[in-house]
Amino acid sequence: MNVTPKLVIGNWKMNGLREASLQLATAVAEGARSLPDDVRMVICPPFTQLDRVAEVLEGAGASIMLGAQDCHTAVSGAHTGDISAEMLADTGVRYVLLGHSERRQAHGENDALIRQKVQAAEAAGLIPVVCIGETMAERQDGRAATVLASQIDGSLTDNFNGVLAYEPVWAIGSGVIPSREELERTLLLLRGLLQSRLKMDDIRVPILYGGSVTPAQAPTILSIGVLGGVLVGSASLEARSFLRIAEAASLRLSSQPLSGPYRS
């Protein structure tokens, strides 16, 4: 059976000095060598550690790749403190996170800006991982579907061929996740929204779940057939926990097939 690998992305956020980053990346890369070929891992360290982690991942094969946490809309120019998608690609980055709720909230990023970043990432040959999700207030007001539809419509390009990550804002860092039934309903909603937005019957955009993903919760989350993988935050800062999540993503432990493609 030709199965598309599930994707397990680790977002280190603003964590990791030189020695600790080297040790963590090395441990994850070594563990990834023994993973089945139906799982792919991505490490997204801070910008300051990209070169160092890239060196660690050289020769590690397709089982683990380098990602970044953001990019600018421009190729180059007078943008102090920013980094372009081309610079990321030049460092060996393959994936880039865009529109994370922490960027939307702390930096005021809106859908229009995120869409420009997606365009920049695509032009540089990177795979954009666009994050969307509703707040607790929006969820309680019954506006989650409307918010998600607006984010998809505003953030994705017309020919989007990246990854969509559903991260309910109320779940990030809280230790609380949606019930399996609620998550299944939301994933089906997102699949329908993607079909409508991209005007395609066969949507080939993997959908990930993120928000307090732990090794204990991962097997249940990853058993949902429509799910393309997970975006992991704090649990990716410890090699053993991150690798346990990756192991749970394997079809050897999850009987449900994965829908959606993977580009190596």
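Guide: The buried residues of helix H10 (residues 239-248) are covered by elements that include strand S1, helix H1, strand S2 (39-44), helix H9 (218-222) and strand S8 (229-232). This is a predicted model, in which local features need pLDDT of at least 70 and side-chain atom pairs count only at pLDDT 80 or more, while totals for chains, interfaces and linings use all residues. Residues are numbered from 1 along each chain as its sequence is written, and side-chain values use heavy atoms, with hydrogens and water left out. The names of helices (H or I, at least four residues) and strands (E, at least two) refer to DSSP runs, numbered from the N terminus.

Of the 10 residues of H10, 7 are buried, so the helix is largely enclosed by the rest of the structure. Buried here means under 20% relative accessible area, exposed means over 50%, and partly exposed lies in between (1.4 Å probe, protein chains only). The buried residues of H10 are Ala239, Ser241, Phe242, Leu243, Ile245, Ala246 and Ala248.

One of the elements covering H10 is H1, which spans residues 18-32. The axes of H1 and H10 are 9 Å apart and meet at an angle of about 30°; an axis is a line fitted to C-alpha atoms, for helices over the stretch in contact, and the angle runs from 0 to 180 degrees between N-to-C directions. H1 and H10 are therefore roughly parallel to each other, since angles under 35 degrees count as roughly parallel, over 145 as roughly antiparallel, 65 to 115 as roughly perpendicular and the rest as oblique. The crossing of H1 and H10 is right-handed, a word used if the near helix is turned clockwise from the far one by less than a right angle, with anticlockwise giving left-handed.

On the H1 side, the contact (heavy atoms within 4.5 Å) is made by Leu24, Ala27, Val28, Gly31 and Ala32, and on the H10 side by Ala239, Phe242 and Leu243. Sorted by kind, the residues of this contact are 7 nonpolar, 1 polar and no charged, where Ala, Val, Leu, Ile, Met, Phe, Trp, Tyr, Cys and Pro count as nonpolar, Asp, Glu, Lys and Arg as charged, and the others, Gly among them, as polar.

Val230 is, with Val8, Met41 and Leu88, among the residues that touch the most other members of the largest nonpolar core, which has 67 residues. Such a core is a set of buried Ala, Val, Leu, Ile, Met, Phe, Trp, Tyr and Cys residues joined through side-chain atoms within 4.5 Å.

H1 itself also holds serine 21, which is buried, with a relative accessible area of 1%. Beyond residues up to four places away in sequence, serine 21 touches Trp12, Gly16 and Gln49. Glutamine 49 lies in the loop between S2 and helix H2 (50-57), and it too is buried, at a relative accessible area of 4%. With neighbours within four places set aside, the contacts of glutamine 49 are Gly16, Leu17, Arg18 and Ser21.

The loop between S1 (6-11) and H1 contains asparagine 15, which counts as partly exposed at 35% relative accessibility. Apart from neighbours within four places in sequence, asparagine 15 is in contact with Pro46 and Leu237. Asparagine 15 and leucine 237 are 222 residues apart along the chain, yet their C-alpha atoms are separated by 8.2 Å.

Lysine 13 sits in the loop between S1 and H1 as well, and is partly exposed, with a relative accessible area of 23%. The phi of lysine 13 is near 55°, a positive value in a residue other than glycine. A positive phi, near 60°, is also found at serine 212, again a residue other than glycine. Serine 212 belongs to the loop that joins strand S7 (207-210) to H9, and at a relative accessible area of 15% serine 212 is buried.
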